[in-house]
Amino acid sequence: MSNTATLATLSGSDPAADPNWWRQASVYQIYPRSFSDSNGDGLGDLKGITAKVPYLKDLGIDAVWLSPFYPSALADGGYDVDDYRDVDPKLGTLADFDAMSAALHAAGIKLIADIVPNHSSNRHEWFQEALASPRGSAARERYIFRDGKGENGEIPPSDWESVFGGPAWERITEPDGTPGQWYMHIFAKEQPDLNWSSREIRDDFLKTLRFWSDRGVDGFRVDVAHALTKDLTEPLLSKVELNPAGTGADGHDDGSHPFWDRDEVHEIYVEWREVFNEYNPPRTAVAEAWVHASRRARYASPQGLGQAFNFDLLQADFNAEEFREIITRNLAEATESGASSTWVFSNHDVVRHATRYGLPQGGGRHAKGQDGKGWLLAGAPAEELDVELGLRRARAATLLMLALPGSAYLYQGEELGLQEVAEIPDAQRQDPTFFRNKGVEIGRDGCRVPLPWQTEGTSFGFGDGAAHLPQPAWFSRYAVAAEDGVEGSTLEFYRRALKLRRELQTSEELDWLDSGSADVLRFSRPGGWQTVANFGDEPVELPAGEVLVSSGPLDGGLLPGNTTAWLR
Ligand code: NOJ
């Protein structure tokens, strides 16, 4: 399996100017409100990130992906944006952003900003203007307003459901005080969907892309990239017609769904690409697009966003055959689109992989996200969780991932082996999923609990005040201070693997080798470097060679179960 683009072709030039820097980058996701709090208000902030740049540099990552840091009422963790061209005052200022960006760049780390084009927040000045303006006005045209059905317009325009539960339509009160039109929101009601057939919206986002690119942002992560364009031809289809087999909206693989993955969405990204290419090196983008695998390449095209997430490993069980199939298919897809592949096990939307792999189901199935239901773990009983096995498998899976060609996306805290926090009191939960599902889905707060930096003290060194989501006592064990410099700790393991990955990756080729067992995956990469991953419980013999790193202790010449090793 090969890809003609090689990193070697770029050697000798200024690495910061390398247009292909993203192809095999290790990208560390920071959820800013939970990373590091510089002013003790309980919320992480930009100065907190700047203070931790030495930590990020030591970790050995190539880029930071920063989840939304824009002004927001936090109805959806910052994915409800009040102003696309500013910093949330709770997190800092534009000057703090510039200082953070400069510190990251000085440490050789690129910066990827999350951009949220499908919806604004309901506090955005556009939405406020729409509410104050009459039906049919230009201000309402920036969103998706429709009259309701029924005698008095009291029934929503369609039976579509929000991803977070409940109807995807919310009724407003007209400026004269009467019950009025409905607006569409695929996510929370505080996240009205923008109307992407409006030229004004399109132009304004081009301005936003330039605004951040001019400030030194190297790339963008595009939130729900597959939802922007909609077919709202009347009569609107019913959810029963859309989803006859109950497979979830994303089961559509032909662009026929009225709001997921329509063909026209790519016209937007062609325009974005023109803006990206105004810069040197061109700005990059990665699509968050939960689409049928056969349609992912469109998002990753060089004329479009250039790269797309595949969440396949994240949804797979810890199973050799499943991993092999996913890796093979995705590398082939990436070669076809000209992009490089992406790999990810954990992010701010799913149960941490160290926890998923410790549950009896054995992997990611229960954290799956296609139909808006079930992508969030509905509270696994603590007694069913095997913490040690979960972490062991998570480390094995991560080491395998870091050996793959393509970009590896890491989520803050996974380098500490952090587990999901299940024990958040209902009164302290924040995720709209929890509220809109009346607690049936416990939501995503458990992976968003602020990081432990110290083994004790107020908020475990996250800040000087209580953290905005409560940290359990057992966080102490996973603190940076507990792992820093400690041989065999998850932190030291990540540091070693990330450093080696940088040294070892020369091209984007991978060759499968015979492993001699259905439970074991074995492959080589150019440069005489190979990976062996044992998904079974029984030890297997290690091939000859120098062990460069392993995800857990080895047993002489044996590779224990649930363990991965790199050899040369
Ligand atoms: C995907 C983001 O990752 C998630 O956190 C958010 O809730 C939705 N998009 C809506 O913006």
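**Exercise 1. Aromatic pairs**

Find how many aromatic pairs a search of the whole structure gives, then classify the pair formed by F309 and F311.

*Solution.* The search of the whole structure turns up 40 aromatic pairs. Keep in mind that this is a predicted model. For the rings of F309 and F311, start with the distance: their centres are 5.4 Å apart, and the cut-off for a pair is 6.5 Å. Next take the planes, which meet at 25°; planes under 30 degrees apart count as stacked. The pair is therefore stacked.

Buried means under 20% relative accessible area. F309 has 1% and is buried, and F311, at 5%, counts as buried too.

**Exercise 2. From a ring cluster to a core**

Locate W272 in the ring cluster and in the largest nonpolar core.

*Solution.* Begin with the rings. Ring pairs link W272 into a cluster with F69, Y70, Y84, F97, W196, F205, F211, W212 and Y269. Then move to the core, which has 131 residues; W272, F323 and W566 touch the most other members. Helix 12 (residues 387-402) gives the largest share of this core, eight residues. Apart from it lies another core, of 18 residues, including A168, A188, A227 and W260.

Finally, list the contacts of W272. Not counting residues up to four places away in sequence, W272 touches I115, P117, W196, F205, L206, L209, V222 and L305.

**Exercise 3. Around the ligand**

Work out which residues come nearest to the ligand, and describe the setting of D223.

*Solution.* There are 13 residues around the ligand, and D76, H119, D223, H348 and D349 come nearest. Check the side-chain N or O atoms next. One such atom of D223 is 2.7 Å from an oxygen atom of the ligand. For H348 the distance to a ligand oxygen is 2.8 Å, and for R221 it is 3.0 Å.

Now look at D223 itself. D223 sits in the loop between strand 7 (219-222) and helix 6 (239-242). Its relative accessibility is 7%, so D223 counts as buried. Beyond its neighbours within four places in sequence, D223 is in contact with Y79, D114, I115, V116, P117, H119 and E288.

**Exercise 4. Backbone exceptions**

Identify the peptide bonds that join E234 to P235 and N280 to P281, and check the phi values of D261 and S459.

*Solution.* Between E234 and P235 the bond is cis, with omega about -5°, and P235 lies in the loop between strand 7 and helix 6. The bond between N280 and P281 is also cis, with omega about 0°; P281 is in the loop between helix 7 (265-276) and strand 8 (284-287).

Turn to phi. D261 has a positive value, near 55°. This residue, D261, is in the loop between helix 6 and helix 7, and at 4% relative accessibility D261 counts as buried. S459 has a positive phi as well, near 45°. The loop that holds S459 runs between helix 13 (432-436) and helix 14 (480-483), and S459, at 8%, counts as buried.

Key: Residues numbered from 1 in each chain as written. Predicted model: local features only at pLDDT ≥ 70, side-chain atom pairs only at ≥ 80, totals over all residues. Heavy atoms only, no water. Core = buried A, V, L, I, M, F, W, Y, C linked by side-chain atoms within 4.5 Å. Buried < 20%, exposed > 50% of the residue type's maximum accessible area, 1.4 Å probe, protein only. Helix = DSSP H or I, 4+ residues; strand = E, 2+ residues; numbered from the N terminus. Contact = heavy atoms within 4.5 Å. Phe/Tyr/Trp six-rings, centres within 6.5 Å; stacked < 30°, edge-to-face > 60°. Near = heavy atom within 4 Å. Polar contact = N/O pair within 3.5 Å; in protein donor to acceptor, adjacent residues only side chain to side chain.
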